[in-house]
Amino acid sequence: MKILSLFSRSHTFHDQLEQSRVRLYRVAYSWSHDAALADDLVQETLSKALKNYGQLRDPKMLNSWLFSILTNCWRDHFRQHREMEDIDEIEDYRCVHETTPEDEHAQTQIVGRVRGAVARLAMGQRQVLTLVDLEEFSYAEVATILEIPVGTVMSRLCRARRALKEMLQELAPVQSAQISRIRRIK
């Protein structure tokens with residue numbers, strides 16, 4: 001009976017790892033801006049997760065545990081490649097839409113500006129922003145993943161959002177003067 005429960009638990013664990021792969025890749029890519037490096041980080045993360053499966057005490061904390069491993073793999077990468085230069089070129093993300101080429105071009109420019117703005121954030125702010133706003137982790141989970149206090153998570157997130165707002169202010173829709181006049185009349 002124990003063997004069967006272990007086998008089914010292992011199978012469930014493998015399924016959960018496979019489901020987490022895309023999220024891990026998305027975060028790794030947002031941190032590194034390098035598709036090959038993101039693949040390597042995710043593969044190393046999943047390999048370590050499989051190897052150290054017995055260390056996971058609470059299966060409900062699997063996502064936090066996986067992102068902690070990813071964070072450690074990211075740190076290890078920097079330790080190994082301290083002389084490495086950042087890659088500024090980001091491959092264009094192609095989407096299949098039924099829009100005009102002008103719309104696609106405008107959308108690509110906006111995406112590029114947002115990615116560039118996120119890339120200009122300090123690493124700590126970028127990590128907190130991607131984990132909270134993109135992956136929807138709680139502040140406490142991010143604090144656990146990055147091994148920092150919750151107050152630091154909140155302050156980094158606030159600074160990151162404020163910096164993004166300043167950098168992306170030009171992308172905000174412009175309200176015409178006529179609309180504001182109408183609102184004043186009401």
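I call a residue buried under 20% relative accessible area, exposed over 50% and partly exposed in between, using a 1.4 Å probe and protein chains only. This is a predicted model, so I kept local features only at pLDDT of at least 70 and side-chain atom pairs only at pLDDT 80 or more, while totals for chains, interfaces and linings use all residues. Residues are numbered from 1 along each chain as its sequence is written, and side-chain values use heavy atoms, with hydrogens and water left out.

**Entry 1: aromatic pairs**

I began with the rings. A pair of aromatic rings is described by the distance of the centres and the angle of the planes. My rule pairs rings of Phe, Tyr and Trp (its six-membered ring) if their centres lie within 6.5 Å; planes under 30 degrees apart are stacked, over 60 edge-to-face, and the rest tilted. I count five aromatic pairs by this rule.

The pair of Phe 13 and Tyr 53 is tilted, because the planes stand at 45 degrees, with the ring centres 4.0 Å apart. Phe 13 is in helix α1 (residues 2–32) and Tyr 53 in the loop between α2 (35–51) and α3 (62–80), so this pair ties together parts that are 40 residues apart in sequence. My helices are DSSP runs of H or I with at least four residues, numbered from the N terminus. Is Tyr 53 buried or partly exposed? Tyr 53 is partly exposed at 22%, whereas Phe 13 is buried at 4%.

Next I looked up Tyr 25 and Tyr 29. Their ring centres are 6.1 Å apart and their planes at 25 degrees, so I noted the pair as stacked. Both sit in helix α1, four residues apart, about one turn of the helix. Tyr 25 is partly exposed at 27%, and Tyr 29 is buried at 16%. I also noted one aromatic cluster formed by Trp 31, Trp 74 and Phe 78.

Ser 32 is in helix α1 and is buried at 10% relative accessibility. A polar atom of its side chain lies 2.8 Å from the backbone oxygen of Ala 28. What does Ser 32 contact once its neighbours within four places in sequence are left aside? I found Leu 37, Ala 38 and Trp 74, with contact meaning heavy atoms within 4.5 Å.

His 33 is in the loop between α1 and α2 and is buried at 10%. Its phi is positive, about 60 degrees, although it is not a glycine. Most residues other than glycine have a negative phi. Glu 136 also has a positive phi, near 60 degrees; this residue is in the loop between α5 (123–134) and α6 and is exposed at 66%.

**Entry 2: α6 against α7**

How do helix α6 (residues 139–146) and helix α7 (residues 150–167) pack? Their angle is about 105 degrees and their axes are 8 Å apart, the axes being lines fitted to C-alpha atoms over the stretch in contact, with angles from 0 to 180 degrees between N-to-C directions. The two helices are therefore roughly perpendicular, a label for 65 to 115 degrees.

Val 153 lies in α7 and is buried at 0%. Leaving aside neighbours within four places in sequence, its contacts include Val 128, Tyr 139 and Ile 148. Its C-alpha atom is 9.9 Å from that of Glu 141, 12 residues away along the chain.

Conventions
Angles under 35 degrees count as roughly parallel, over 145 as roughly antiparallel, 65 to 115 as roughly perpendicular and the rest as oblique. A polar contact is a pair of N or O atoms within 3.5 Å; within protein, one must be able to donate a hydrogen and the other to accept it, and residues adjacent in sequence count only if both atoms are side-chain atoms.
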